[in-house]
Each structure stands twice: as C-alpha cells, then as structure tokens.
Amino acid sequence: MSSAETHTGKCFCGSVEFSVTGQPVAMGFCYCNSCRHWSGAQVNGFTLWPRSALTILKRAENVATYSRSGRSLRRWCTACGGQLFSELPALTLVDVYAPLIPSLKFEPAVHVHYQETVLPMKDGLPKLKDLPEELGGSGSMLPD
C-alpha cells in the first residue's frame, strides 16, 4: 500500500463522510471497559492514525464529541448516533474504528487491555495486559 493511499468512510446514515490518508500507525483489538461500553461490543477493532491523516469531507457540523476522562474525545454523528472515531490528544493519534474503513485491509497485530477481555481469542497475536510502554502502559504480556 502506498503511503499516499486514501480511504474513505462514513457514519451509519452516511451523512458524515471522512477520509484517512497514508497508513495506520497500528491496528488491533481493544478490550477495555470504556471501548466495550462505547461500542456496545465485546471487542473494538482499532486503527490508529496520525491526527493529520484524518479529514472530515462532509457534514462536519453533524460531528459531536463526548469525553468522559479527557484522555479521549469520542466523536459520533448527531443525525444517526453512529460512531466515527476517537481522538487521543496526548498521543496526537486518532482511532478510526476499523469497520468504518471498508477499503482498508484490517491486519490486527496486537490485543490491548486483554486483562479486561470477556471474549478470549486464541490467534497467536500478542496479548498485552494494558498498553505498550511507549503508550503509557506496563507492556506486560498475557498468555494466548
């Protein structure tokens, strides 16, 4: 994939459209309680991008924000309630939820916050207790 490749996505109703350009910094699965509650799913497929890679193409006025902890700014569409992405200001990254970018081949490389899993997966990928050290976690691994 070229570093200049662009992928487009949209909310559930299609009113908000966005693009990401380049390649994600990381892809994987998150099991933290916060992501599970926000997504309404047992696990969240994430793609992390530099904040500068994301552009809202259509209906930016329909994008609302919620922040429970200040560590993430969760964005969604006010027309349909569909989730869009979460900005991570301290890391200057944005988590664009994998299913919203259909043209991107999702290639997860890690499981994070695996200590909170309610849906164990045996896939041979690294299972981190919380986050990598470089992202403020312990870097501790858990068994597959």
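**Entry 1: the tyrosine pair**

I looked up Y31 and Y114 first, and both are buried. For burial I used relative accessible area with a 1.4 Å probe and protein chains only: buried is under 20%, exposed is over 50%, and partly exposed is in between.

Before going further, I noted that this is a predicted model, where local features need pLDDT of at least 70, side-chain atom pairs count only at pLDDT 80 or more, and totals for chains, interfaces and linings use all residues. Residues are numbered from 1 along each chain as its sequence is written, and side-chain values use heavy atoms, with hydrogens and water left out.

I then checked for a charge over the Y114 ring, and K127 lies over its face at 5.7 Å from the ring centre. The rule I applied wants NZ of Lys or CZ of Arg within 6 Å of the ring centre and within 35 degrees of the ring normal.

**Entry 2: aromatic pairs**

How many aromatic pairs does the structure hold? I found four. Rings of Phe, Tyr and Trp (its six-membered ring) pair if their centres lie within 6.5 Å; planes under 30 degrees apart are stacked, over 60 edge-to-face, and the rest tilted.

I looked at F18 and F85, whose ring centres are 6.2 Å apart with planes at 75°, so I wrote this pair down as edge-to-face. F18 sits in strand β2 and F85 in strand β8 (residues 83–88), so the pair ties together parts that are 67 residues apart in sequence. My helices (H or I, at least four residues) and strands (E, at least two) are DSSP runs, numbered from the N terminus. I got 0% relative accessibility for F18, which counts as buried, and F85 is buried too, at 1%.

Back to the tyrosines: the ring centres of Y31 and Y114 are 5.0 Å apart and the planes are at 90°, so that pair is edge-to-face as well. It links distant parts of the chain, 83 residues apart: Y31 is in the loop between β3 (26–30) and α1 (33–39), and Y114 is in the loop between β10 (110–112) and β11 (127–128).

**Entry 3: the sheet around β2**

I traced an open sheet of three strands in the order β1-β2-β5, with antiparallel pairing. Its edge strands are β1 (6–10) and β5 (54–58), each pairing on one side only. I counted strands as paired if DSSP finds at least two bridges between them. Between β2 (residues 17–21) and β5, the antiparallel pairing runs over four bridges. S19 stands opposite T55 in β5.

**Entry 4: cysteines**

How many disulfides does the structure hold? I got zero, with a disulfide taken as a pair of cysteine sulfur atoms within 2.5 Å. C11 is in none, and the nearest cysteine sulfur, that of C13, is 3.7 Å away. C11 is buried at 3% relative accessibility, whereas C13 is partly exposed at 43%.

**Entry 5: positive phi**

I finished with R59, which has a positive phi of about 65° although it is not a glycine. R59 is in the loop between β5 and β6 (63–66) and counts as partly exposed at 38% relative accessibility. T92, another residue other than glycine, has a positive phi near 50°. I placed T92 in the loop between β8 and β9 (93–97), and at 56% relative accessibility T92 counts as exposed.
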